[in-house]
Amino acid sequence: DTAMNRAQIARALDVSDNTISKWIAQGMPVLEEGGNGREYAFSPADCYAWRRHRDAEARAAKAAADRSASQLAMAFRNLDEEDANASAGLTAKQIAEEADADYRYQRAAEQRGELTR
């Protein structure tokens, strides 16, 4: 695990020098700070581990947001989890048709006197 400069670590991680600068500002580990003619020094193992951890956190945050969106969609459509699994993968058109059919059924039930406002 030899120390690398900014260009080398960028090449090793397959990103640009600008991305390395951004990541430094976001907390990527640095062995030696650069400046005034001195180059930055990075540990490839530390930088790789930091990137893997950062990517895992981003995936977890996206998964949590996806779950929240799914829960909100179920609440909006007044479904429980079992109903949602049965209707998973419906297109927007199919959902609209389902909602229209439900509306017509409810209106007919109201006219038959089975439902009241």
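Colleague: Which residues is Leu13 in contact with, leaving aside its neighbours within four places in sequence?
Modeller: This is a predicted model. Contact here means heavy atoms within 4.5 Å. With neighbours within four places in sequence left aside, the contacts of Leu13 are Ile20, Trp23, Cys47, Tyr48 and Arg51.

Colleague: Are H1 and H2 roughly parallel or roughly perpendicular?
Modeller: H1 covers residues 6-13 and H2 covers residues 17-25, and their axes lie 9 Å apart at an angle of about 100°. Angles of 65 to 115 degrees count as roughly perpendicular. H1 is therefore, relative to H2, roughly perpendicular.

Colleague: How many nonpolar residues has the contact of H1 with H2?
Modeller: From H1 come Arg6, Ala7, Ile9, Ala10 and Leu13, and they meet Asp17, Ile20, Ser21, Trp23 and Ile24 of H2. By class, this contact has two charged residues, one polar residue and, as nonpolar residues, seven.

Colleague: How many residues make up the largest nonpolar core?
Modeller: Among its members are Leu13, Ile20, Trp23, Cys47 and Trp50, along with Met28, Tyr40 and Phe42. At least two residues of this core are supplied by each of H1, H2 and H3.

Colleague: What does H3 reach from its first C-alpha to its last?
Modeller: H3 runs over residues 44-76, and Pro44, Cys47, Trp50 and Met74 are buried in this helix. For its 33 residues, 48 Å is expected at 1.5 Å a residue. The reach in the model is close to that, at 47 Å.

Terms used
Residues numbered from 1 in each chain as written. Predicted model: local features only at pLDDT ≥ 70, side-chain atom pairs only at ≥ 80, totals over all residues. Heavy atoms only, no water. Axes fitted to C-alpha atoms, helices over the stretch in contact; angles between N-to-C directions. Helix = DSSP H or I, 4+ residues; strand = E, 2+ residues; numbered from the N terminus. Parallel < 35°, antiparallel > 145°, perpendicular 65-115°, else oblique. Nonpolar A, V, L, I, M, F, W, Y, C, P; charged D, E, K, R; others polar. Expected span 1.5 Å × (residues − 1). Buried < 20%, exposed > 50% of the residue type's maximum accessible area, 1.4 Å probe, protein only. Core = buried A, V, L, I, M, F, W, Y, C linked by side-chain atoms within 4.5 Å.
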